[in-house]
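Please look over the structure below before reading the points that follow. They are written for someone who has not seen this structure before.

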Amino acid sequence: MPTITLRLELHNPTKAKQEMYERMTEWNTEFANWLLHHPELNKATSKIFKDFSSQKFPSAIVNQTIREVKSQKKKQKAKKFRTFWCCFNNQNIKVEKKG
């Protein structure tokens, strides 16, 4: 199957979306630091976020954060994260054709 390349125009986010992303980054940094010292890090799944907070958070971001924290603790011996950005990947992407 050949590779399909899409060229998408990205729009500047609204002020509300910028604030939401900043809040999500703060939660994600706090979660990553909490997770870094969690005794059962190797068994962590997206359900562990409920132990950390009652906030709603996308499971795709939680799962990616868990993977990255495990990797950085193991390979780079991380002690604390100053900022842990929310990582978005194509895990939940959906492309629709209109017209």
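This is a predicted model: local features need pLDDT of at least 70, side-chain atom pairs count only at pLDDT 80 or more; totals for chains, interfaces and linings use all residues.

1. Across the whole structure, a search finds eight aromatic pairs. One of them joins phenylalanine 49 and phenylalanine 52: the ring centres are 5.6 Å apart and the planes stand at 55 degrees, so the pair is tilted.

2. An α-helix has 3.6 residues a turn, so residues three or four places apart point the same way.

3. Is phenylalanine 49 buried or exposed? Phenylalanine 49 has a relative accessible area of 5% and is buried. Phenylalanine 52, at 23%, counts as partly exposed.

4. Phenylalanine 49 also pairs with phenylalanine 57, and this pair is stacked, with 5.2 Å from centre to centre and 15 degrees between the planes. Both phenylalanine 49 and phenylalanine 57 are buried.

5. Ring pairs connect these residues into a cluster made up of Trp27, Phe31, Trp34, Phe49, Phe52 and Phe57.

6. Helix H1 runs over residues 15-36. Its 22 residues should span 32 Å at 1.5 Å a residue, and the end C-alpha atoms lie 31 Å apart, which agrees.

7. The buried residues of H1 include Met24, Asn28, Phe31 and Leu35. Among what covers the buried residues of H1 are H2 and helix H3 (59-75).

Notes: Residues are numbered from 1 along each chain as its sequence is written. Side-chain values use heavy atoms; hydrogens and water are left out. Rings of Phe, Tyr and Trp (its six-membered ring) pair if their centres lie within 6.5 Å; planes under 30 degrees apart count as stacked, over 60 as edge-to-face and the rest as tilted. Buried means under 20% relative accessible area, exposed over 50%, partly exposed in between (1.4 Å probe, protein chains only). Helices (H or I, at least four residues) and strands (E, at least two) are DSSP runs, numbered from the N terminus. The expected span of a helix is 1.5 Å times one less than its number of residues. Contact means heavy atoms within 4.5 Å.
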